[in-house]
Amino acid sequence: DVLAVNTRAALASLDPCVIVAHIVEITQPQRKMKTILPTILILLQCPADASDNIPVLRGAVRHADSYLQRSDYWSQFKHAINVYNNDLSPIIDAAAKDDSIVIFETYAEWCGHCQSVAPKFDGAAKHFNQAGGLILTKGQCDNNRQLCEDLGVVGFPTFYYGTADNFGDIRGANSPNPNQINDLRSMTSAEQMIDFLSKRFGIESTSTAPKEDSHQDTTPTEPSDVKEMYTIAVDAYISDIEKSTSDSLTQALVSTHLIAKAGARQGFIDWQTWIADSHPSDKCRMGAQDILDDLDELWPKENYSPVSVRSNLLTKNQCIYDYSDVQYQGCAAGGNPGTYTCGLWQTFHAMSVSPISRLSGEQMFDSLGQFIKFFFTCTVCQEHFLGMMASVDHTTVQSQDDFIVWLWESHNEVNERLREEELDAGTFNVDRPKGLFPSPDVCENCLDDREGNYVGPYVGEHQCILPFMDQFYGQDLV
C-alpha cells in the first residue's frame with residue numbers, strides 16, 4: 001500500500017527520474033537489481049544527484065556510469081613501440097640502422113605492477129626517442145605468445161636488452177639471446193629509469209622525462225585529499241568469476257617454462273582440486289574435474305614434454321565453455337585495468353565460503369599458495385603475496401572460517417599496500433579506489449566506532465564479517 005501511494009505520487013510528477021527513485025527508496029530491492037536501476041537513471045539522463053539519498057544505489061551508480069565513460073588505461077602510453085603478432089622486424093630494422101640497443105618489456109594488461117611501470121617506461125621511451133641510443137619497445141604476451149615463449153617469459157613485467165642481432169636470432173645458434181634487465185621493475189619514476197639506462201649503456205643525457213605527458217607530470221595525491229577509504233560497492237558477478245577462472249588456465253599456459261618448473265604438476269593438481277571442490281559455478285567445477293580425470297594423459301607424471309603438455313591443456317576449457325569473448329562486468333567498474341586480478345580475488349573469496357566444500361581451511365590455504373607460486377605471473381605481486389603466506393602459522397587457518405577471515409584480511413592488506421603506492425606515485429584512481437572492503441554501503445554492521453581510522457575499522461572477532469562474506473560471495477552473487 002505504501003508503495004502504491006508513493007508510486008502514484010511519483011507518477012503524478014511525470015518525472016521518470018523521480019519514479020525510479022521512489023520505487024527504489026520504498027522497495028529497497030535485492031542487490032541483484034542494484035546495477036540495473038542506476039543504469040536506467042543514467043539512460044534517462046537523470047541529474048547526477050538523483051540517487052544521492054538512496055544508500056543502496058551509491059556504489060551501483062558509479063558501476064553503471066563506468067560502462068558509459070570507461071577509458072582504456074593502456075591507450076595513453078604511446079611512446080614505447082608496441083610489438084604485435086610476434087613480429088620484431090620493425091624494431092630490429094630500426095636498431096640495426098642506428099646501431100641502437102633495444103629494451104623490450106614483456107607485460108600483461110591485467111598485471112598490477114605492469115600498470116604501475118607503464119607511465120615510467122613510456123616517459124623514458126619518449127626521452128630516448130629524442131636522445132637516441134636506445135629503442136624502448138613492449139609486447140603484451142597475449143598478443144605475442146610465441147615470442148614470449150622463445151624468450152622464456154615466466155612472469156610480468158620482464159625486461160630484455162640486446163642488439164638487433166640478439167633479437168633477430170632468438171633461440172637461434174648464431175647470436176646470444178637477449179639478456180634480462182629487471183632492475184627496471186623497481187624504478188620509481190621515468191627520470192630514474194632514464195638515468196639508470198643512460199649510465200648502464202653509456203649514453204650521455206641531461207634531459208629529464210617529458211613534462212608535457214600528463215601521466216608523467218602527475219602530482220602525488222596526499223592521503224588527506226582522498227575521501228575514498230573503501231573500495232566501491234560493486235556486486236560480485238558469477239560471470240566475472242567464471243571468466244577469471246577460465247583465464248587462469250590460459251595464463252598458466254602462457255609459457256612452457258612455467259610447466260617445466262619442479263613441482264608445477266602437483267601445484268596444478270591442487271589448484272584444479274580446489275576448483276572442482278569449491279567453485280560456485282557448476283561449469284567450472286565440471287571443467288576442473290574433467291581436467292583431473294584426464295590429467296595422466298594431458299600431463300603425464302614422468303617423461304613429459306612441456307610443449308606437449310601445454311598443447312594438450314589448451315584443448316580444454318576450464319569452465320566447459322570458451323570465455324574468451326565474455327566481457328568483465330563488476331570488475332570493469334571505474335575503468336579498472338586489472339579485471340583479471342579482480343576476478344581472481346572474487347574467485348578465491350567465493351571458493352572460500354563454499355557451502356559444499358569438503359576441504360579444510362588449511363587445504364584451501366595450501367591450494368591457493370600452489371596457484372600463486374606456479375601460475376600467478378605478476379612477479380612483484382607474487383613475491384608480496386607469497387611473503388604474506390610464509391608468515392602464517394598454519395594452526396590459524398585450519399578451519400574454513402579461519403581461511404575466510406585470513407583471506408579477507410590479506411585482501412585488505414594488499415589493497416592498503418597498493419593504495420599507498422598509488423598515492424605516492426600520484427596514480428590513485430578515485431573511480432576505482434584501492435581501499436578497505438566492505439564499505440558501509442554494503443555492510444554497515446561490519447564497522448565499529450573507529451570508522452574514521454584507515455586501519456582496523458571493523459568490529460572485532462569477525463562476528464559480522466563471516467556472515468557478510470558468506471552472503472556477498474554466496475547467495476548474493478549476480
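Select residues 101–107 and 134–140, which are strands β2 and β3. These two strands pair in the parallel sense, over seven bridges. One of the pairs to display is Tyr107 with its bridge partner in β3, Gln140. The model is a predicted one, so the tour is a tour of computed coordinates.

Show Ile81 and look across to β3, where Thr137 stands opposite.

Is β3 buried or exposed? Seven of its seven residues are buried, so β3 is largely enclosed by the rest of the structure.

Next, select residues 158–162 for strand β4 and residues 179–180 for strand β5. β4 and β5 run antiparallel and are joined by two bridges. Tyr160 has Gln180 as its bridge partner in β5.

With the five strands on screen, read the sheet from one side to the other. What is the strand order? The order is β1-β3-β2-β4-β5, in an open sheet with mixed pairing. β1 and β5 are the edge strands, each pairing on one side only.

Now select residues 112–131, helix α6. This helix lies across β2, β3 and β4 and runs at about 150 degrees to β3.

Two packed helices are described by the angle between their axes and the distance between the axes. The crossing of α6 past α9 is right-handed. To see the contact, show Val117, Lys120, Phe121, Gly123, Ala124, His127 and Phe128 on α6, and Ala190, Met193, Ile194, Leu197 and Ser198 on α9. Coloured by class, the residues of this contact come out as eight nonpolar, three polar and one charged.

Move on to another helix pair: residues 361–375 for α17 and residues 379–390 for α18. Their axes are 10 Å apart, at an angle of about 155 degrees. α17 and α18 are therefore roughly antiparallel to each other. Here α17 passes α18 in a left-handed crossing. Display Phe365, Leu368, Gly369, Ile372 and Lys373 in α17, which meet Gln382, Phe385, Leu386 and Met389 in α18. This contact has six nonpolar, two polar and one charged residues.

Finally, clear the selections and show the whole chain. How many helices and strands does the chain have? There are 20 helices and five strands. Colour by burial, and 51% of the 478 residues count as buried. Among contacts in the chain between residues at least 6 apart in sequence, 73% join residues at least 24 apart.

How values were computed
Residues are numbered from 1 along each chain as its sequence is written. This is a predicted model: local features need pLDDT of at least 70, side-chain atom pairs count only at pLDDT 80 or more; totals for chains, interfaces and linings use all residues. Side-chain values use heavy atoms; hydrogens and water are left out. Axes are lines fitted to C-alpha atoms, for helices over the stretch in contact, and angles run from 0 to 180 degrees between N-to-C directions. Helices (H or I, at least four residues) and strands (E, at least two) are DSSP runs, numbered from the N terminus. A crossing is left-handed if the near helix is turned anticlockwise from the far one by less than a right angle, and right-handed if clockwise. Contact means heavy atoms within 4.5 Å. Ala, Val, Leu, Ile, Met, Phe, Trp, Tyr, Cys and Pro count as nonpolar, Asp, Glu, Lys and Arg as charged, and the others, Gly among them, as polar. Buried means under 20% relative accessible area, exposed over 50%, partly exposed in between (1.4 Å probe, protein chains only). Two strands pair if DSSP finds at least two bridges between them. Angles under 35 degrees count as roughly parallel, over 145 as roughly antiparallel, 65 to 115 as roughly perpendicular and the rest as oblique.
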